[in-house]
Amino acid sequence: MRIRHVIAVSSALLLAAAAATAADDTRNLEKLSKFQLTGTSMDIPTIPQGGKKAENIRAFLKNVKVPQGFKIDLFAIVPDARHMAIGNNVGTVFVGTRKSKVYAATDRDMDREADEVKEFAPSLRMSVPNGLCMSPDGFLFIAEHNRVLVYPAAEFFYETPDVAAFVVVDQGQLVPTEEESFNHGARTCAIGPDNKLYITLGQPHNVTPADKVEAYRKLGIGGIIRMERDGTKREVVATGIRNSVGIAFNPANGQLWFTDNQVDGMGDDIPPGEINRLTTVGQHFGFPWYGGGKTRTTEFQNSEPPANAVFPEVEMDAHAADLGLTFYTGRTFPAKYRGGIFSAQHGSWNRTTPVGARVMFTPLKEDGGAGKTEVFASGWLDETTGEYRGRPVDVKTYLDGSLLVSDDKAGAIYRISYGN
């Protein structure tokens, strides 16, 4: 009885502490939306950028292969580094995580290495703030697990713990709370050429149960939604997606491209991973009838698939876990890379022989479709032992035309540059 009593008291204390934290977060958010101080300490935690860890990462990067004329360096040490957004003026790199923190990395002396990495907006508590995107006018949007906030003038306010913040989607309103899941709950976002906010919503199953398909379609779970930047006029723009963790717009024609992760448990070599292109609002990309590419799922093999299902522009290696992607908009890389797609492969977790942990490049053809994909950077996977020395997550073109690559395993951001 005594043990039960202790457990009950402990549970009650934990619930009370969680409620108090949530209340503090609500109060702080209300203050920040009025540009008021929260009383949070001005001593913002920072991440050391030197020492043994930096030395080890730099030593390992000598094993990473990039094309002739390119080089890869350590840009910043950032714990759990996931998706990134680049500031438009200072070039601050805002970095999301699948935990509770977002970081800001700043290169103050312009030597193309971050001098300072610190927590962003520490007066707020976030939950899986994986999805970050920056608008052309400097508004930073952060898509959490089940909330979306916007930070106007993020590059102006980020030096202090109190950063102006406003609600775009209230907590519990991005997906119904009963559909919250730790599986496939990392969101990504992008601002479209229509100035609307686009968000990916992974569905929480390996294969969606049949009785959930219609409800998920209407909600945009297992799809991509868009809304005005203030959160109004929400609509579903794409369905039939298992779990997209990377979206980007082609600046040449405004079309939306995205990665999609395929069904697990079907074998080492099937189904393929995907890079897709949305050409018309409302397109269906085949899941759960197709587990990846044109591979049918066991669960839906006796059910008629949508007649208008759109198949991927690129079929990638099975289970390589294709995540972030970006269109190269810089001018320092050779001409063949300009306007093409760089994408990150996180690496397989359930394949007999591991595959992935690479940065890939996909050129575009004159008609706007995908050309032949090739490996651009590799070496984070030790093919002898199967050990990951790093796991790329996201890629972004930096202001100087270099390519930034985030890595949540090593807790780092790399910079790939060309020439001198």
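Is Phe 70 buried or exposed, and what is its relative accessible area? Phe 70 is buried, with a relative accessible area of 9%; here buried means under 20% relative accessible area, exposed over 50% and partly exposed in between, with a 1.4 Å probe and protein chains only.

## Basis of the report

The model is predicted, so local features need pLDDT of at least 70 and side-chain atom pairs count only at pLDDT 80 or more, while totals for chains, interfaces and linings use all residues. Residues are numbered from 1 along each chain as its sequence is written, and side-chain values use heavy atoms, with hydrogens and water left out.

## The four-stranded sheet

An open, antiparallel sheet is built from four strands in the order β1-β29-β28-β27. Helices (H or I, at least four residues) and strands (E, at least two) are DSSP runs, numbered from the N terminus, and two strands pair if DSSP finds at least two bridges between them. The edges are held by β1 (70-77) and β27 (392-397); each has a single partner strand, so one side of each is left without a neighbour in the sheet. On average, neighbouring strands are turned by 25° against each other, direction ignored. Axes are lines fitted to C-alpha atoms, for helices over the stretch in contact, and angles run from 0 to 180 degrees between N-to-C directions.

Seven bridges join β1 to β29 (residues 412-418) in the antiparallel sense. Asp 73 has Arg 415 in β29 as its bridge partner. Helix α2 (residues 51-61) packs on the sheet and touches β1 and β29, its direction making about 160° with that of β1; contact means heavy atoms within 4.5 Å.

## The buried side of helix α2

In α2, the buried residues are Ala 54, Ile 57, Phe 60 and Leu 61. They cover an arc of only 130° around the axis, which puts them on the same side of α2; the arc is that of the directions from the helix axis to the C-beta atoms. An α-helix has 3.6 residues a turn, so residues three or four places apart point the same way. The buried residues of α2 pack against β1 and β29.

## The hairpin and the disulfide

Strand β6 (residues 131-134) pairs with β7 (residues 140-143) in the antiparallel sense over four bridges, and Gly 131 stands opposite Ala 143 in β7. Five residues lie between the strands of this hairpin, where Gly 138 takes a positive phi near 90°. From β6, Gly 131 and Cys 133 point one way, Leu 132 and Met 134 the other way, and all are buried.

A search of the whole structure finds one disulfide, defined as a pair of cysteine sulfur atoms within 2.5 Å. Its members are Cys 133 and Cys 189, with sulfur atoms 2.2 Å apart. Cys 133 lies in β6 and Cys 189 in β10 (residues 189-191), so the pair ties together parts that are 56 residues apart in sequence. The torsion about the S-S bond is about -115°, so the disulfide is left-handed. Cys 189 is buried, with a relative accessible area of 7%.

## Aromatic pairs

The structure holds 27 aromatic pairs. Rings of Phe, Tyr and Trp (its six-membered ring) pair if their centres lie within 6.5 Å; planes under 30 degrees apart count as stacked, over 60 as edge-to-face and the rest as tilted. The rings of Phe 70 and Phe 333 have centres 4.9 Å apart and planes at 90°, so this pair is edge-to-face. Phe 70 lies in β1 and Phe 333 in the loop between β21 (322-327) and β22 (341-345), 263 residues apart.

Phe 333 is buried, with a relative accessible area of 0%. One aromatic cluster includes Phe 70, Phe 333, Tyr 337 and Tyr 418.
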